[in-house]
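The following exercises ask the student to read a structure step by step. Each task is followed by a worked solution.

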Amino acid sequence: NTITYSSTISACEKGAEWQKALALLAVMGQSNLEPNTITYSSAISACEKGAEWQKALALLAVMGQSNLEPDTITYNSAISACEKGAEWKEALALLAAMDQINLEPNTITYS
């Protein structure tokens, strides 16, 4: 189920296995399981650990197309991915996007 996949994707993130995390996310779609915000946040964080900022931003865009609302954790992971890729303009754009949707940045957002 979604919780099991989310947990497994999170384990991939902790093991720096971003490719496996994305593969599991794809399998979820093929299995007619709906990823949730936690699932996407874990996958985005896995991309961040792998310095795959473009993939992280692509996942954030897919979330929007899926009518899932990213939370502060999701944005923090995407911002961190941009930081690792030296994409400061993208990071600032994400911070502005948080403001537009009334998401409150936290200490992690600014660090």
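Contact means heavy atoms within 4.5 Å. The model is predicted: local features need pLDDT of at least 70, side-chain atom pairs count only at pLDDT 80 or more, and totals for chains, interfaces and linings use all residues. Residues are numbered from 1 along each chain as its sequence is written, and side-chain values use heavy atoms, with hydrogens and water left out.

**Exercise 1.** Determine whether Thr 2 is buried or exposed, and list the residues that Thr 2 touches.

*Solution.* Step 1: Thr 2 belongs to helix α1, residues 2-14 (a helix is a DSSP run of H or I, at least four residues, numbered from the N terminus). Step 2: the relative accessible area of Thr 2 is 16%, so Thr 2 is buried (under 20%; exposed is over 50%, partly exposed in between, with a 1.4 Å probe and protein chains only). Step 3: leaving out residues up to four places away in sequence, Thr 2 touches Met 28, Leu 33, Glu 34, Pro 35, Asn 36 and Thr 39. Step 4: a polar atom of the Thr 2 side chain lies 3.1 Å from the backbone oxygen of Glu 34.

Key:
Helix = DSSP H or I, 4+ residues; strand = E, 2+ residues; numbered from the N terminus. Polar contact = N/O pair within 3.5 Å; in protein donor to acceptor, adjacent residues only side chain to side chain.
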